[in-house]
Amino acid sequence: MFVCTVVMNYAISPKITIIYVLFISVLIDITYGVLDYISLGFLPVSMLYRISILAMFIVVAFRQNDFQSWFVKSIMVMWVFCLCLWLYRQGALPLFLNVNMFLRVIFPMCVTIIISGALYRSHKQGKDLTHFIGSGIVVYGVIASLSIIFSFVTGIGRLTYGDWAFGIKSFFTGGNDIGLAMLVSLVFGWIRFWQQGNWRNSAAIILITVAVSLIGSR
């Protein structure tokens, strides 16, 4: 999977790259949440996906030679230096913890650079994927909303705060995180509505609004 994903960023079209980053991410979150809900959370589904994103990111960063790529490479070198310093001073290296924290910090930058690279390659091919990305963000919110509404109706899933407060976050581990992501998706839904004004955009706005309300997070 690691090698295939590294190659994918440049062997497969920019559109497929964007689909992998935007569409698959929410499905991975739901899949991991379901596995954790049935006591199979030890399966590293989410970790493998984030590592594949990091692999794509490394390919993009090291194939470029501009200021942005050198800035990113400097951050990575500094991280490795800190790990070595920790190992020298403590005599032990909690590698898993450090890799996990590093991925959390660098993940937004990875996604940004991967999508930016995909847009650049599509522009060179004479294509404009800006509208496609906007649609992908709306679909992200719709998929998350369907999961939350399913959990609200069936009672299968995680409560946001517990029995003492209203709210259900379905199979997502962070109620605030998915709530913020869905609010961003809702913004793009409204943009699509004002641009096109069809029933699908209206349905997406209603669906996401209802699901965000069901989370119960401020």
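T160 has a relative accessibility of 15% and therefore counts as buried, the cut-off for that class being under 20%. The model in which this residue is described is a predicted one. In the chain, T160 belongs to the loop that runs between β1 (158–159) and β2 (168–170).

The surroundings of T160 can be followed through its contacts. Leaving aside residues up to four places away in sequence, T160 touches G167, I168, K169 and I215. Two of these neighbours also present backbone atoms to polar atoms of the T160 side chain. The backbone oxygen of I215 lies 2.7 Å from such an atom, and the backbone nitrogen of K169 lies 3.5 Å from a polar atom of the T160 side chain.

The protein contains eight helices and two strands, arranged along the sequence as α-α-α-α-α-α-β-β-α-α. Among contacts between residues at least 6 apart in sequence, 69% join residues at least 24 apart. T160 is one of the buried residues, which make up 40% of the 218 residues in the protein.

As for overall dimensions, the C-alpha trace spans about 50 × 50 × 30 Å along its principal axes. The protein exposes about 12,700 Å², of which carbon and sulfur atoms supply 71%. Its charged side chains comprise 14 positive and 6 negative ones, and the centres of these two sets lie 8 Å apart.

Terms used. Residues numbered from 1 in each chain as written. Predicted model: local features only at pLDDT ≥ 70, side-chain atom pairs only at ≥ 80, totals over all residues. Heavy atoms only, no water. Helix = DSSP H or I, 4+ residues; strand = E, 2+ residues; numbered from the N terminus. Buried < 20%, exposed > 50% of the residue type's maximum accessible area, 1.4 Å probe, protein only. Contact = heavy atoms within 4.5 Å. Areas by Shrake-Rupley, 256 points an atom, 1.4 Å probe, with all protein chains shown as cover. Lys, Arg positive; Asp, Glu negative; His and termini not counted. Charge placed at Lys NZ, Arg CZ, Asp CG, Glu CD. Polar contact = N/O pair within 3.5 Å; in protein donor to acceptor, adjacent residues only side chain to side chain.
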